[in-house]
Amino acid sequence: MAKSRGARKAKLPASAGVPAFSASAPDTRVYLGDCRTVLSDVREVREGKVDLVFADPPFNWNRDYERARAVETLAASGGGEFETWPDDLPRENYLDFTREWIGVCARALRPGGSMWINIPDDTAAEIVVFVKNELKFAMANWCIWHYRFGQNRTGGFINSKVHALHFVKPGGIATWRPERVLEMSDRASIYFDPRTLSKKDGMPAGKRVPMDVWYGANWGRIQGNNKERRHGHDNQLPEAYLERVILATSDEGDLVLDPFVGSGTTATVARAYGRRFIGSEFSKANAVSAWERIRDIGMINKGKALNRSSAIFKARGVGKNNAVVRSLKEGSVGGAESEAAEEAQA
Ligand SMILES: C[S@@+](CC[C@H](N)C(=O)[O-])C[C@H]1O[C@@H](n2cnc3c(N)ncnc32)[C@H](O)[C@@H]1O
């Protein structure tokens, strides 16, 4: 196995512009190689026809993005020479790389298209300044994905978050459909406050637009024997994360682009919700494994993270607000609420 070094761009393969993997209904394509090079050769990217970009780049944490299991997958599918991405670039090279791939994705977007970037503390500030000041994108939201299994440490607080940065390209209308990703409000799930039954913000009773810190059931890091886990990928995002992003900021039939396919989470969720997809992956082993997931497995927890409560306190309004508990239980506001009402009464 050859391991590449330095921030050089991969040479354009003979198959430039031809996806390594593709499927229809909806159109789904994965291109092999360095996103900075291979994506520029894709028609929709050149023509600025992409509706939504989701990017979860290598963090430059010296991770091996091709673990043993993925290599086995590649061997089983016929093998071949391949390279791994150098995840230990000198800082300046990593920042150049970051600006370059963001530039490709920014050009690929239609005016009003959304660009989401999943990035840890190290580089979040640099990206925000670059995208706002140089590219002149608007920042729609600065969300946090919070997880409980951060790397243990004693020399500082344990890291338990990644930034989910949401930008919008100027010159067009952004797609924003919060009604598809609602969660149960604390008023409904903790306090059983009657005001939750007659909301004035246009959202259904008991529901609210999710807060900008994301956590909860189905939102944990994908590790161990998690049902969603693809072996050989230690940096897989939960389906719930992509479900929220894709449902809230794209419509059915839209074109989603992920320059760093990894285990294929974005493509899997996009396909499950009828979005078209194009993506690139540098590692052939990862691309082979991701394609198996996209084609043969699909989304495992579709809809399971929607309409739930993210409350961190136990219900305490029961008794005082029994009428509200009854309304919620009778199903006037949906399944998850009824579950909480049951719990509260138990
Ligand atoms: C953090 S992982 C993405 C994980 C993905 N979001 C998931 O849920 O599985 C980053 C991926 O980008 C790939 N990669 C790194 N540099 C790349 C480049 N220049 N072009 C395309 N893919 C690259 C790595 O091989 C790795 O699979």
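Biologist: In what order do the nine strands of the open sheet stand?

Modeller: This is a predicted model, in which local features need pLDDT of at least 70, side-chain atom pairs count only at pLDDT 80 or more, and totals for chains, interfaces and linings use all residues. Residues are numbered from 1 along each chain as its sequence is written. Strands are DSSP runs (E, at least two residues), numbered from the N terminus, and two strands pair if DSSP finds at least two bridges between them. The pairing is mixed, and the order is β2-β3-β13-β12-β4-β6-β8-β7-β11.

Biologist: Which are the edge strands?

Modeller: An edge strand pairs on one side only. The two are β2 (21–23) and β11 (213–214).

Biologist: Why is strand β6 largely enclosed by the rest of the structure?

Modeller: A residue is buried if 20 or more other C-beta atoms, placed from the backbone, lie within 10 Å of its own. Strand β6 spans residues 109–119, and it is largely enclosed because the buried residues number eight of the 11.

Biologist: In which sense does β6 pair with β8?

Modeller: With β4 (residues 50–55), β6 pairs in the parallel sense over five bridges, and Ala-55 has Ile-117 as its bridge partner. Towards β8 (residues 161–168), Met-115 stands opposite Phe-167. The six bridges between β6 and β8 are antiparallel.

Biologist: Which residues are closest to the ligand?

Modeller: The ligand is surrounded by 20 residues, counted when the C-beta atom, placed from the backbone, lies within 6 Å of it. The closest are Asp-56, Phe-260, Gly-262, Ser-263 and Thr-265.

Note on methods. A residue is buried if 20 or more other C-beta atoms lie within 10 Å of its own, exposed if 12 or fewer, and partly exposed in between; C-beta atoms are placed from the backbone. Helices (H or I, at least four residues) and strands (E, at least two) are DSSP runs, numbered from the N terminus.
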